There are 2 protein chains.
Amino acid sequence: MTRSFGQRLHTTIEQRGRLCVGIDPHGFLLDAWGLPRTAAGLREFGLRVVDAASATIGIVKPQVAFFEVFGSAGFAALEDVLAAARQAGLLVIADAKRGDIGSSVDAYGDAWLTPGSPLEADAVTLAAYAGTGSLGGVFDLAQRHGKGAFVLAATSNPESLLVQTARVAATERGDLTVAGLVATEIDEWNRRHVIAGDDDVDTPALGSIGVVLGATKNLLDYGVDVHSLAEGAPLMPVLAPGFGHQGALFDDLGSIYGPLAAGTIVSTSRSALSAGPSALADTLADQAGQLSGALS
Amino acid sequence: MTRSFGQRLHTTIEQRGRLCVGIDPHGFLLDAWGLPRTAAGLREFGLRVVDAASATIGIVKPQVAFFEVFGSAGFAALEDVLAAARQAGLLVIADAKRGDIGSSVDAYGDAWLTPGSPLEADAVTLAAYAGTGSLGGVFDLAQRHGKGAFVLAATSNPESLLVQTARVAATERGDLTVAGLVATEIDEWNRRHVIAGDDDVDTPALGSIGVVLGATKNLLDYGVDVHSLAEGAPLMPVLAPGFGHQGALFDDLGSIYGPLAAGTIVSTSRSALSAGPSALADTLADQAGQLSGALS
């Protein structure tokens with residue numbers, strides 16, 4: 001039986017920790033790494049990050065936008081990076097922020113989560129401007145193939161306030177913000193889709209669909225109550241940007257995410273990648289060490 | 001001086017009408033058209049739609065998700081289709097629904113709107129879950145290069161209700177829904193960015209950043225007041241899905257969009273593409289005729 005993404009993520013966190021490095025080939029980083037600003041440069045950048053990550057941590061997150069700039073050549077580079085990362089046993093989250101409705105959003109699910117697809121990853125990031133219900137086909141596809149997804153709930157940028165704190169019309173769930181609605185609906189999805197025969201009875205087994213909750217935010221101000229979301233099982237996983245360059249501190253992991261911290265993936269990017277290719281593995285090991293101390 | 005996207009769109013609507021055909025290579029359509037479900041099949045499908053469109057209408061809208069399924073090979077096919085469409089003088093809206101924050105969303109702007117980019121289009125669709133402010137870099141890039149964008153406001157699917165009708169915290173703009181906020185902020189952006197020297201004084205000149213407003217919705221229920229949005233100049237353009245297969249009628253264009261109808265692009269897809277490749281041009285001409293009668 002295919003292991004669920006939540007089960008695989010749980011194992012990865014136990015064995016390799018919760019640190020995830022972004023594969024974010026900014027122009028200034030390519031320059032600093034002595035690589036050309038071309039699809040070949042992106043490919044080389046990505047493969048070097050995969051090498052450093054596979055020696056030290058368990059999760060990578062390629063930022064698709066940087067590859068898309070180079071069109072089909074950029075996607076060919078991304079295919080090589082995705083394949084190398086999965087071959088190395090890393091969990092791969094394609095940071096694509098895809099979203100649409102009907103057959104179009106289903107096609108995005110096919111693109112990123114179908115085994116054997118050229119762009120196959122282990123999970124993909126999604127946006128639910130058209131409602132989490134619009135993403136249901138992708139969630140079902142993920143479930144069938146042992147894949148996962150992370151849906152934007154509270155993003156780490158300042159411009160997100162008005163949309164994400166808007167109050168949803170009263171439902172049987174009570175008074176919710178947009179961010180709270182997304183998190184609540186994803187949490188409910190996980191509870192409805194516990195894998196039959198899941199015998200992780202002694203562990204806080206993780207669901208396969210998670211949310212993005214920026215570490216730079218007071219989540220309660222966004223209407224996201226990490227305590228009520230963590231009641232019951234499985235625990236909804238969280239992808240947490242905002243550490244390092246954006247200002248949040250690893251030591252605050254527990255205070256920001258509370259009981260959700262156990263299933264939280266901490267994303268690092270510029271603060272690690274700026275170390276350069278030769279120091280990247282050591283920098284990741286150092287950050288992973290800081291992080292494992294943060295929850296103990 | 002580069003003509004703005006709004007000026008180009010205005011000319012296209014005057015000379016070729018407001019009908020836009022989706023380049024949506026669904027599997028069932030590829031089968032019906034006798035084309036393989038491969039990147040080569042997608043390329044051929046796209047080129048045939050471009051041929052039929054260039055003979056009859058002025059705007060095409062490739063749905064990127066269907067190409068993304070085939071990874072780099074799919075994007076290579078899309079590059080050929082985009083180039084053929086622009087070469088044929090069609091306005092090309094890449095239906096990508098991209099969105100992100102910071103340098104990542106700027107990279108999406110680069111990918112789709114920079115002259116000479118492999119994926120260059122005339123406009124791209126965007127999602128503002130992280131706030132319209134998160135898309136400002138893309139809007140500025142579009143403005144510099146005579147390009148455009150369409151931001152999701154009220155989408156045509158039923159699952160969108162709770163997110164898009166959520167009430168935004170009180171601002172100086174009064175009581176707004178999420179959909180109303182997006183539309184209002186885009187309208188304001190267009191008014192702040194009137195092209196200097198624009199002498200279209202006798203015509204309802206269009207802005208370069210538009211919104212997606214689904215034709216299947218009662219827009220007032222979504223907090224989108226087409227009358228107040230149409231006060232002043234330039235008029236904010238609208239991309240309107242939901243006609244045909246999804247149920248809205250061309251004859252209702254004026255009653256749905258009111259004074260915004262003058263700058264509204266009407267999207268047709270399955271109802272035209274199902275005619276098959278040999279009848280597509282005639283079907284588009286027929287739909288364009290129905291549509292030009294709808295506002296007269």
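Colleague: Before we start, what does pLDDT do to the features here, and how are residues and chains labelled?

Modeller: This is a predicted model, in which local features need pLDDT of at least 70 and side-chain atom pairs count only at pLDDT 80 or more, while totals for chains, interfaces and linings use all residues. Residues are numbered from 1 along each chain as its sequence is written, and chains are lettered from A, with ligands numbered from 1, in the order in which they are written.

Colleague: OK, what do the eight strands of chain A close into?

Modeller: They close into a barrel in the order E1-E2-E3-E4-E5-E6-E7-E8, with parallel pairing. Neighbouring strands of this sheet are turned by 30° against each other on average, direction ignored. Strands here are DSSP runs of E with at least two residues, helices are runs of H or I with at least four, and both are numbered from the N terminus; two strands pair if DSSP finds at least two bridges between them.

Colleague: How many bridges join E2 to E3 in chain A?

Modeller: Two bridges join E2(A), residues 59-62, to E3(A), residues 91-98, and A:Ile59 has A:Leu91 as its bridge partner in E3(A).

Colleague: And which strands does E6 of chain A pair with?

Modeller: E6(A) pairs in the parallel sense with E5(A), residues 148-154, over five bridges, and A:Leu152 stands opposite A:Val212 there. Two bridges also join E6(A) to E7(A), residues 238-240, again running parallel, and the partner of A:Val211 in E7(A) is A:Val238.

Colleague: Why is E6(A) described as largely enclosed?

Modeller: Five of the five residues of E6(A), residues 209-213, are buried, so the strand is largely enclosed by the rest of the structure. A residue is buried if 20 or more other C-beta atoms lie within 10 Å of its own, exposed if 12 or fewer, and partly exposed in between, with C-beta atoms placed from the backbone. A:Ile209, A:Val211 and A:Leu213 point one way, and A:Gly210 and A:Val212 the other way. In a regular strand the side chains alternate between the two faces of the sheet.

Colleague: Switching to helices, how do H3 and H5 of chain A cross?

Modeller: The axes of H3(A), residues 39-54, and H5(A), residues 71-87, come within 8 Å and cross at roughly 15°, where axes are lines fitted to C-alpha atoms over the stretch in contact and angles run from 0 to 180 degrees between N-to-C directions. The two helices are therefore roughly parallel, a label for angles under 35 degrees, with over 145 roughly antiparallel, 65 to 115 roughly perpendicular and the rest oblique. The crossing is right-handed, meaning that the near helix is turned clockwise from the far one by less than a right angle. Among the residues making the contact are A:Leu42 and A:Gly46 of H3(A) and A:Ala77 and A:Val81 of H5(A).

Colleague: What about H3 and H5 in chain B?

Modeller: H3(B), residues 39-56, and H5(B), residues 71-87, pack at about 15° with their axes 8 Å apart, and H3(B) passes H5(B) in a right-handed crossing.

Colleague: How many residues does each chain give to the contact between them?

Modeller: Chain A and chain B give 47 residues each, contact meaning C-beta atoms, placed from the backbone, within 7 Å. On the side of chain A, H6(A) gives the most, with seven residues.

Colleague: Last one, is B:Leu295 buried or partly exposed?

Modeller: B:Leu295 counts as partly exposed, because 14 C-beta neighbours lie inside 10 Å. Its C-alpha atom is separated by 7.2 Å from that of B:Leu253, 42 residues apart along the chain.

Technical notes: Two residues are in contact if their C-beta atoms, placed from the backbone, lie within 7 Å.
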